[in-house]
Amino acid sequence: MPRGQNHKLCIHEKRHQAQYEPQSHRGVQPTAVMEELPSTSSLLEDNSQSSSATGSNSTSQGSLEAPSTTSTFSTTSDTTSDEEDTSQDDEDSRSSDVSSSTENTYSDTLNSMTSLLEQFLLHKYKMKQPVMKEDMLKIIHPKYHNLFAEILKTASEHIEAVFAVDLKEVDSTIHSYDLVSKLNLPNNGRLWDGKGLPKTGLLMTVLGVIFVKGNCAAEEDIWKFLSMMRVYAGRKHFIYGEPRKLITKDFVTMKYLEYRQVANGDPPRYEFLWGPRAHGETSKMKVLEFLAKVIDTVPSAFSSQYEEALRDEEERA
């Protein structure tokens, strides 16, 4: 399994909580995630051994080849005085520092505007208000209006990976947008009447874990995964409320999840499966794609599940 590339879980979570309080969990290491899911351990072990072997070979080859490379460079390059080398090194270093500082400032500015736009979009969703392009442009510095499409794309992708809602253009003539739940949950993902943030992301995550676990996940495996998102059974969450009730009762009542007792379990144990509405409103591929975004990887990283999802798509077609 490929490893996640960006944003460690806790750091990313704190940053977003300070901004608009989504429970971001992008960048979770796939290995760390899947270690909590025993049915995929063999897949991880194979990958780990392969990665270790590749890493060992690379290190070994590097240490063996380094002397000859250095030697070749020394004997074929023109010699210069120590003073010239030092002067050139200092000049290169200063140039590199200036370039790096400029790039960092530019990147920080874009990240800042992206974060502001994320907050704005979620505020509009929470207040059930339409999102107008002209209002979004007011948030972006005029100097960066030419990058608006890129900034909006990044902001919407961040929100999608946390909340499982898509930014869609509602009216192309006036350029109005709305955040739409990936599943037909009540109140556009809020579940209950009134204002609030979507619960779709939690449901899609649970569906993803169930699928990766072989289409049936033990309750303890669900909570092990969710604990990596700092979502705990019995502890009130600022987005999801009491998550145990949400997962074992609300989503079950809505028929998105099936929650059943394991036969002959002592002590009693429970497991989750997809409910009929989950089968009707989404697909294994869509859920796998979402889970891949959650942990910053690609769907094909889950090789056996990806193949199963492809077969499912063919059958649906």
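1. A contact here means heavy atoms within 4.5 Å. Among contacts in the chain between residues at least 6 apart in sequence, 59% join residues at least 24 apart.

2. A word on the basis: this is a predicted model, where local features need pLDDT of at least 70, side-chain atom pairs count only at pLDDT 80 or more, and totals for chains, interfaces and linings use all residues. Residues are numbered from 1 along each chain as its sequence is written, and side-chain values use heavy atoms, with hydrogens and water left out.

3. The chain has 12 helices and 6 strands (DSSP runs numbered from the N terminus: H or I of at least four residues for helices, E of at least two for strands). Of its 317 residues, 41% are buried, meaning under 20% relative accessible area with a 1.4 Å probe, protein chains only.

4. Do look at the largest nonpolar core, which has 65 residues. Such a core is a set of buried Ala, Val, Leu, Ile, Met, Phe, Trp, Tyr and Cys residues joined through side-chain atoms within 4.5 Å. Helix 7 gives the largest share, 9 residues. Ile 247 is among the residues with the most contacts inside the core; leaving aside residues up to four places away in sequence, Ile 247 touches Leu 202, Val 206, Trp 223, Leu 226, Val 252, Leu 257 and Phe 272.

5. Strand 2 (residues 165–171) and strand 3 run antiparallel, joined by 6 bridges; pairing requires at least two DSSP bridges. The two strands form a hairpin with 4 residues between them, and His 175 in the turn has a positive phi of about 55°. Asp 171 stands opposite Ser 176 in strand 3.

Methods. Buried means under 20% relative accessible area, exposed over 50%, partly exposed in between (1.4 Å probe, protein chains only).
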